[in-house]
Amino acid sequence: MTNAMAALSRRAALTPFTYEPGPLPANEVEIAVTHCGICHSDVHLVDDDWGLSRYPLVPGHEVVGEVAAAGAEVKGLSAGQRVGLGWQCGSCGVCALCKAGNEHLCGKSEATAVWHHGGFADRVRSDARFVIPLPAALSSETAAPLLCGGVTVFSPLHRLGAGPGTRVGVVGIGGLGHLALQFARALGCEVTAFSSNPGKEAEARSFGATRFLESSTKGLESARNSLDLLISTLHTPIDGPAALSALAARGTFCVVGASGKPIDLPAFSLIGGEKSVTGSAIGSPSTIRAMLDLAAAKGVAAVTESMPLARAEEGIQRVRNGRARYRVVLAM
Ligand SMILES: [Zn+2]
Ligand SMILES: [Zn+2]
């Protein structure tokens, strides 16, 4: 039996829940979970904000643990090995996107905590292709949030070729933003933090920012034409014209946080300077590997608050209310 914490209905408080997972499929790995981060998406799943939740719902998709069992066809993973598992736990494996190593874009992508029981549990299962060995240098607790939050901000830096001298801005210094600052610094970028909270300046600088500005319209406009890449992690609406004004010629505005409201993008703000707008969500297994290697080499680590699995509901409430500093991790 698997011992988990689950929401039994929409918006319900998490309560203990056990289930029998059945025989292990040949292509899957069962992970004995040691740590699981709480991502804002877990709150959206509990609340069914995206209309795709099924209950009982076991959240959790920032998993670190050890391989407990591997199916007969699984290669390259062995019992006891320390591994991570993020948002994605399956894809078709045969489409052009999967074959090109862009499994996260596959139309048949499956998610660890959607229609599967997730990582707020002592055990969780996944297609072995999405179970990634963890570099020894990473601590399990501070690495757990890298599996979703970390790769979400690393992926656009990686895809857009950010490196030494790239001028990167990060809007919103929370769970995602504090990792974005660290990855941008680890890649050698010049890093600007934008936050509505002046009290975060010292911490933002410790994460790698060399400039700290307000995330307001005024703050974004004060960065005029100075950024090659601006990543917004905000869950509140962002001023689109002001964000575009902060970009240098051929700069890119990348959205990884969603407010649910449209972003205003006037044509002339894009035409002058040939600016681009893109979005990003999670990353492929190969991007996750690259992200973990960089984190291990450069000491990128989430700032975490730890609590036991039994207090998962308290952790969900801290994330729901925006009080996590910066990422809550459940320890099993
Ligand atoms: Zn997530
Ligand atoms: Zn596919």
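Which residues are buried in helix H11 (residues 312-320)?

Analyst: Quick ground rules: this is a predicted model, where local features need pLDDT of at least 70, side-chain atom pairs count only at pLDDT 80 or more, and totals for chains, interfaces and linings use all residues. Residues are numbered from 1 along each chain as its sequence is written, and chains are lettered from A and ligands numbered from 1 in the order in which they are written.

In H11, the buried ones are Ala312, Gly315, Ile316 and Val319. Buried here means 20 or more other C-beta atoms within 10 Å of the residue's own, with C-beta atoms placed from the backbone. Helices (H or I, at least four residues) and strands (E, at least two) are DSSP runs, numbered from the N terminus. Those four residues sit on the same side of H11 because they cover an arc of only 100° around the axis, the arc being that of the directions from the helix axis to the C-beta atoms.

As for what covers the buried residues of H11, the list includes strand E1 (2-6), E3, helix H1 (40-46), strand E16 (304-308) and E17. Just after the helix, Gly322 has a positive phi of about 70°.

H4 is followed by Gly161, with a positive phi near 75°.

Conventions
A residue is buried if 20 or more other C-beta atoms lie within 10 Å of its own, exposed if 12 or fewer, and partly exposed in between; C-beta atoms are placed from the backbone. Two residues are in contact if their C-beta atoms, placed from the backbone, lie within 7 Å.
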